[in-house]
Amino acid sequence: DLDHPVFSTYYDIDEILQVPAYGRFQYGGTSERDGYVPYVKGIEDDDGRLMVMINWNTDLGDAWEWSESPAYPFEFSSFAYKMGINFIVYAMTH
């Protein structure tokens, strides 16, 4: 859930954006194969500690890869960096 501390460790994330792959946004869409809802899931250990983060239907890797391209929307690349920074800071502090 968005109330998990990982979404407010450094940046406050109040919505999971559907980050498109590089070629998808050019055609006006953000989804692939009818996957319209992005999810962020986690796997916790027996003590409730977050061990794995899973991003589904939100291509953070493409946003990081193409962030320097003027053609790639800033909205998506900045969101992807905020998520990545939160993941790293959370992992280093918990």
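Q: Is Tyr39 buried, partly exposed or exposed?
A: This is a predicted model, and the class of a residue is read from its relative accessible area: under 20% is buried, over 50% is exposed, and partly exposed lies in between. Tyr39 has a relative accessible area of 39% and is partly exposed.

Q: How is a pair of aromatic rings described?
A: By the distance of the centres and the angle of the planes. The structure holds three aromatic pairs. One of them is formed by Tyr39 and Trp56, with 5.7 Å centre to centre and 35° between the planes, and it is tilted.

Q: Which parts of the chain does the pair of Tyr39 and Trp56 link?
A: Distant ones: Tyr39 belongs to strand 1 (residues 39-44) and Trp56 to strand 2 (residues 50-56), 17 residues apart. Trp56 is partly exposed, at a relative accessible area of 48%.

Q: What is the geometry of the pair formed by Tyr72 and Phe76?
A: An angle over 60 degrees counts as edge-to-face. Between Tyr72 and Phe76 the planes make 65°, so the pair is edge-to-face; the rings are 6.4 Å apart, centre to centre.

Q: Is Tyr72 buried or exposed?
A: Tyr72 is buried, with a relative accessible area of 4%.

Technical notes. Residues are numbered from 1 along each chain as its sequence is written. This is a predicted model: local features need pLDDT of at least 70, side-chain atom pairs count only at pLDDT 80 or more; totals for chains, interfaces and linings use all residues. Side-chain values use heavy atoms; hydrogens and water are left out. Rings of Phe, Tyr and Trp (its six-membered ring) pair if their centres lie within 6.5 Å; planes under 30 degrees apart count as stacked, over 60 as edge-to-face and the rest as tilted. Helices (H or I, at least four residues) and strands (E, at least two) are DSSP runs, numbered from the N terminus. Buried means under 20% relative accessible area, exposed over 50%, partly exposed in between (1.4 Å probe, protein chains only).
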